[in-house]
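Here is a short report on one protein model.

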Amino acid sequence: NLTSIPAANLTGTLPAISGANLTGISGGKLLNHEFFNDGTSTSSNTTSWTATTLTDSITTTGTSSEFLILGQITKASLPSSASHIYFRWYRDVAGGGFNAIGNNYHVRANDSGGYNGHECFTFYQIDRAGGNTNLSYTSGQAITYKLYFKCQDISGNANFERGHMTILEMGA
């Protein structure tokens with residue numbers, strides 16, 4: 001039998017719900033987040049790594065955090081001559097320069113020589129000490145992530161626009 005508790009029986013002050021008040025929780029706690037929405041475009045016809053406009057920074061709050069980087073390019077046009085496009089996340093820690101992290105994402109156009117239309121691509125990366133990213137930073141440093149792309153073989157422009165990305169800092 002459920003009954004209501006009269007307000008007069010509730011006394012004291014409840015603590016605000018915040019990261020500081022969450023104790024006894026191990027790993028996976030969200031420490032910080034960043035979101036970027038971009039409506040500009042990047043166009044390239046090169047087989048060299050080219051930066052897209054999809055870039056954002058996060059200022060670290062932990063000392064051994066893991067970062068989840070999620071990015072999506074919601075409109076892309078590939079030339080009919082392209083057979084393979086590659087994407088890869090790059091990272092800069094505290095202005096030290098961009099370096100590739102993780103593995104390449106391989107996007108294959110159709111077998112007849114390409115796709116001249118619009119596609120939507122989603123990319124994610126876990127960035128942490130060790131593994132295939134070897135993250136090294138100190139608390140309070142800014143980490144900037146940027147999505148790059150290159151074409152395997154191409155004789156026209158690849159165009160990417162209307163992207164967005166999210167960076168999540170998670171406690172280890």
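The protein in this predicted model exposes about 9,600 Å². Carbon and sulfur atoms supply 49% of that area. Of the 172 residues, 38% are buried.

**Fold**

The protein has nine strands and zero helices. From the N terminus on, the order of elements is β-β-β-β-β-β-β-β-β. Take the contacts between residues at least 6 apart in sequence: 79% of them join residues at least 24 apart.

**Aromatic pairs**

The structure holds seven aromatic pairs. Two of them are set out below.

| Pair | Geometry | Centre to centre | Angle between planes |
|---|---|---|---|
| Phenylalanine 67 and tyrosine 137 | edge-to-face | 5.7 Å | 75 degrees |
| Phenylalanine 87 and phenylalanine 123 | tilted | 4.5 Å | 35 degrees |

What does the pair of phenylalanine 67 and tyrosine 137 tie together? Phenylalanine 67 sits in strand β3 (residues 66–77). Tyrosine 137 sits in the loop between β7 (118–127) and β8 (142–151). The pair therefore links parts that are 70 residues apart in sequence. Phenylalanine 67 has 0% relative accessibility and counts as buried. Tyrosine 137 has a relative accessible area of 12%, so this residue is buried too, given the cut-off of under 20%.

The pair of phenylalanine 87 and phenylalanine 123 joins two strands. Phenylalanine 87 belongs to β4 (residues 84–93) and phenylalanine 123 to β7, so the pair ties together parts that are 36 residues apart in sequence.

How many cavities of 30 Å³ or more does a search of the whole structure find? The search finds one. About 60 Å³ of space lies in the largest cavity.

Which strands supply at least two residues each to the lining of this cavity? They are β1 (30–44), β2 (50–59) and β9 (158–170). Strand β9 gives the most, with four residues. Lining residues include Asp38, Thr40, Thr52, Leu54, Ile73, Phe160, Glu161 and Arg162. By type, the lining divides into three nonpolar, five polar and three charged residues.

Methods: Residues are numbered from 1 along each chain as its sequence is written. This is a predicted model: local features need pLDDT of at least 70, side-chain atom pairs count only at pLDDT 80 or more; totals for chains, interfaces and linings use all residues. Side-chain values use heavy atoms; hydrogens and water are left out. Buried means under 20% relative accessible area, exposed over 50%, partly exposed in between (1.4 Å probe, protein chains only). Contact means heavy atoms within 4.5 Å. Accessible areas come from the Shrake-Rupley method with a 1.4 Å probe; for residues, only the protein chains shown count as cover. Rings of Phe, Tyr and Trp (its six-membered ring) pair if their centres lie within 6.5 Å; planes under 30 degrees apart count as stacked, over 60 as edge-to-face and the rest as tilted. On a 1 Å grid over the protein atoms alone, a cavity is a set of points where a 1.4 Å probe fits but cannot get out, and a pocket is an open set with protein on both sides within 12 Å along at least five of seven lines; lining residues have an atom within 4 Å of a point. Grid points are joined across faces, edges and corners, and a volume is the space filled by probe spheres set on the points. Ala, Val, Leu, Ile, Met, Phe, Trp, Tyr, Cys and Pro count as nonpolar, Asp, Glu, Lys and Arg as charged, and the others, Gly among them, as polar.
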